Each structure stands twice: as structure tokens, then as C-alpha cells.
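Biologist: Walk me through this fold with numbers. Keep it short.

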Amino acid sequence: MAGNLKKFVNPRFIKTIDLALMKPLLARHEGKYKGFSVDLLDQEEDVAREALEKLLTGAEDSYPEGLRGDLHRIAELGDARGLEIIQAQAARQGVDLFPDMKTGDEDAPNKAHDPKHIAVRVFLEHPDLFDAAADHMAMLTADRLHEYAGRERGVAIDLTAEKVEAFRTAVAARFRDAFLGDYCRVGDYDDDDEINLVVSHGSMVSTMPVVEGQVERVISVRQISHAVLRYSENTGMLRLARIRKAHQPEIAELFASIILDRSGFFDGDDAQDLYTLRPVELAGPGFAFDAAYDPLIDKVLIIEAAADLMAPGKKGYPRVVRTLRSRDLGGDALQHFGSTPVSFGGAWRLGELVFRILFKGDGKRQPQVTVKLRPPGVVQFRRTQHEARVMKLIERNGLMNDRDDFEVVDAAE
């Protein structure tokens, strides 16, 4: 992230950023600078920008830790994609972003319209909007979700501020022990039948060498990480992203006990037994996805597959002794197993499948999503507006285990 920060506060940024914005940003950490005063920005512009350049282009550990954290957060939203997310969140919240920035000539260039400048201004003037945009960025970039199936469907959430705060306190205690930092914030967002929680927290401190003139120094950096939790009331599924595997069961239980008021809701033996490649194994190399039900899907290409040779291991549990991978961007990855010793009817199992879904569209580049499916509990793809279609394709082709037996199991218990 240090490299990204230097890229953000580059010479063009220093020469063009509104000093009236930088002064309140730097004033948030007044009294913690080494050889710099915020009052320097009140001098003649050339003098002020020279002082700003000296501060921002020096070693990153010369910044106060709080300023370093502020700039890292602003940098995450200081590009075209970040601006798009900020604008979408502003529209959702009914916020008119900076009417004074509008000009009579819509095409007239205005440095105040630059994504970096807008990110700084939103950070200072609309902190709630900025937090929501940062959380939304985290949700969009979470591409590998670990899923837990609840014991029943249709369990609604009565989400209150008290529950969110109780969850934040509990998670903060776990992450404090794991990452040795106190910072923790939780944002909650509704999306149709889904509840999304984004937990922003400090990650482990890392060190890296930097160069000052001819001298190498080592600085320390603590970045902010974003854990994502998504719960569907209709299906009873909880999806976790950017959470260490060792922490996932505990975080899922905190969600169940605090947010759902149902301790043990995700403790079933099959809570993560969600996906299967058995239909592909039964069909063999000739398997093809059926997407005829969806008029927006053009075609589905199977571009990679992993076949595992299983043998008895310790205590009789099977273990993988050999793996063959087949990769073909043309969509024939499965068919290549026909000329190998792989036979899915015996000791061979299909351990992983990667397929690319191409959607119909009017643009020059055809919209597409690449999906990795690894039973029993991993489906990985970059989340887009096509997410619902991806999951429906998996379900319609029999690659999702049936969860309708939950109510029967609960009744039997």
C-alpha cells in the first residue's frame, strides 16, 4: 500500500490539489508533525506548495500515523472507479455533491472534478458518505466468499444499532488479539433480501525499506483491511470474505448469536457442504453447462479442471496422491481428460472446475465472469451485477447441494 500511496500523492496532485482542502486534512493531526506546520499553507502559494511537497514526498513514516491512515483511505477511492462509487452512494443518500463545482459549460475542464480531489473533499465534508463508498468498494472487490448454510431458510433480521454495536465490540475484541490493533468499524447495508456488514479493522504491522537520498531506512505501516459478511434471509446463507479461515467459524457464530439471536445457527455438520461436482463426474468429459433458460447468457466455457487421484490415508480417510490439471481457454478443458488415465467412476475425483460465462451485450467487449468452483464450500468469482445469474447457473446445473432438508432435520431434532 505504501507504493500506492506514493502514486496517489504524486507531483501532479501536490501541484493541483486545493490548498483549502489540504489545510483541514492536515489540521486533523496538528502538533504531530516533524518540522512542518499547517500554518505554512497560509503563505504564498509557491511557498505553501513547496512545504506540502517536502512533507508528502518524504519518507512515509515522517507523516503522523493518523495522516498516513487518512491518505491510504482516500487513495482507495481516488480514481475513476472510486468516483463512480462515490456518485452512486451520493445518489442513494440523496446528497447533491458540491453544486458549487458545476460550471455553465459542462465540458469545461475543472481540476476540482478530478477523482482525487473529490475523494479528499468527500472524506472531509461527507464522512458518512465516504465510509459507505469505501464499504461498497470492499464488497465489490471481495471475489472469494466462504459460505455457511444456516439450519433453515427465511430467518429474518431485526437489525438495530444496538446489535451492530454489540457485534462490532465482539469482533473488535477478536481482531485486537489477532492483529494487535484497536481500530474497528462496522457498516451495515441492505440489498434486497441481503444484509451486508463491512468490518474495517487494522491489519498486522508490516515493515518495508525506503530510500532517503543515499540512505536506506525501514518504516512500519499498518493498513486497514475490510472483512465482508453477507447474509441472505431467503436462503439462510452467510457468506464471508477477507476473514482468516481460522476466524471464520467464530465470526459466523458471533453473527448468529448477536445479529440473528440464534446461537449455533451455522453449526450444522453440513453447514459448509454446499457444492458438488458429481453431475460433471457422471457425465464425464462430455459435460456441458445448460444455460438455455437464461436469454442473457451467450455461452459457458469450461477452461480449467483438476482431477484428483484418491487413495486411503490415515484412519481410512481418502487423500490426494496425484493431480492432473487440464486448461483450455477455448472451453475444452474437460474433454482433454478423455485421452488420459482419468476415469471419474473409480478412484479419480473432480476436485475443481473453472468456467467462464460470457453474457450478451452491446459493447465492444463482451461481458464475462470467470468462476472457480471447489467443493464442498468454495465458489470464487469477482462479484458483479451478474452474481445472481452465476449462482442460478450453478444451481440449475445440479452443482449446488439441496438445502431443503433443513426443516426436516430440525423437526427430527
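**Helix packing**

Biologist: At what angle do helix α3 (residues 19-27) and helix α7 (residues 115-125) pack?

Modeller: Helices (H or I, at least four residues) and strands (E, at least two) are DSSP runs, numbered from the N terminus. Axes are lines fitted to C-alpha atoms, for helices over the stretch in contact, and angles run from 0 to 180 degrees between N-to-C directions. The axes of α3 and α7 are 10 Å apart. Their angle is about 50°.

Biologist: Is α3 roughly parallel or oblique to α7?

Modeller: The two pack at about 50°. Under 35 degrees counts as roughly parallel, over 145 as roughly antiparallel, 65 to 115 as roughly perpendicular, and the rest as oblique. So α3, relative to α7, is oblique.

Biologist: Before we go on, what is left out of side-chain values?

Modeller: This is a predicted model: local features need pLDDT of at least 70, side-chain atom pairs count only at pLDDT 80 or more, and totals for chains, interfaces and linings use all residues. Residues are numbered from 1 along each chain as its sequence is written, and side-chain values use heavy atoms, leaving out hydrogens and water.

Biologist: Is the crossing of α3 and α7 left-handed or right-handed?

Modeller: A crossing is left-handed if the near helix is turned anticlockwise from the far one by less than a right angle, and right-handed if clockwise. The crossing of α3 and α7 is left-handed.

Biologist: Which residues of α7 make the contact with α3?

Modeller: Contact means heavy atoms within 4.5 Å. From α3 come Leu21, Pro24 and Leu25. From α7 come His117, Val120, Arg121, Phe123, Leu124 and Glu125.

Biologist: How many residues of the α3 and α7 contact are nonpolar?

Modeller: Ala, Val, Leu, Ile, Met, Phe, Trp, Tyr, Cys and Pro count as nonpolar, Asp, Glu, Lys and Arg as charged, and the others, Gly among them, as polar. One residue of the contact is polar and two are charged. The nonpolar count is six.

Biologist: At what angle do α3 and α4 pack?

Modeller: Their axes lie 12 Å apart. The angle is about 45°.

Biologist: Which residues of α3 touch α4?

Modeller: The crossing of α3 and α4 is left-handed. On the α4 side, the contact uses Glu45, Ala48, Arg49, Leu52, Leu55 and Leu56. On the α3 side it uses Leu19, Met22 and Leu26.

**A strand residue**

Biologist: Is Ile195 buried or exposed?

Modeller: Ile195 sits in strand β3 (residues 194-212). Buried means under 20% relative accessible area, exposed over 50%, partly exposed in between (1.4 Å probe, protein chains only). The relative accessible area of Ile195 is 6%, so Ile195 is buried.

Biologist: How many salt bridges does the structure hold?

Modeller: Side chains of opposite charge can pair when their charged atoms come close. A salt bridge is a side-chain nitrogen of Lys or Arg within 4 Å of a carboxyl oxygen of Asp or Glu. The count here is 20.

Biologist: How many residues apart in sequence are the parts tied together by Asp42 and Lys23?

Modeller: Their side chains meet in a salt bridge, N to O 2.7 Å. Asp42 lies in the loop between α3 and α4 (45-56) and Lys23 in helix α3, so the parts tied together are apart by 19 residues.

Biologist: Which helix holds both Arg168 and Glu165?

Modeller: Arg168 forms a salt bridge with Glu165, with the closest N and O atoms 3.1 Å apart. They lie three residues apart, about one turn, in helix α9 (residues 161-179).

Biologist: Is Glu352 buried or exposed?

Modeller: Glu352 forms a salt bridge with Arg325, the closest N and O atoms being 3.3 Å apart. Glu352 is in strand β8 (residues 348-359) and Arg325 in strand β7 (residues 318-327), 27 residues apart. The relative accessibility of Glu352 is 5%, so Glu352 counts as buried.

**Backbone details**

Biologist: What is omega for the peptide bond joining Pro375 and Pro376?

Modeller: Pro376 is in the loop between β9 (368-374) and β10 (378-380). The bond is cis. Omega is about 10°.

Biologist: What is the phi of Arg242?

Modeller: Arg242 is in the loop between β5 (237-241) and α10 (248-259). Arg242 is not a glycine, yet its phi is positive, at about 60°.
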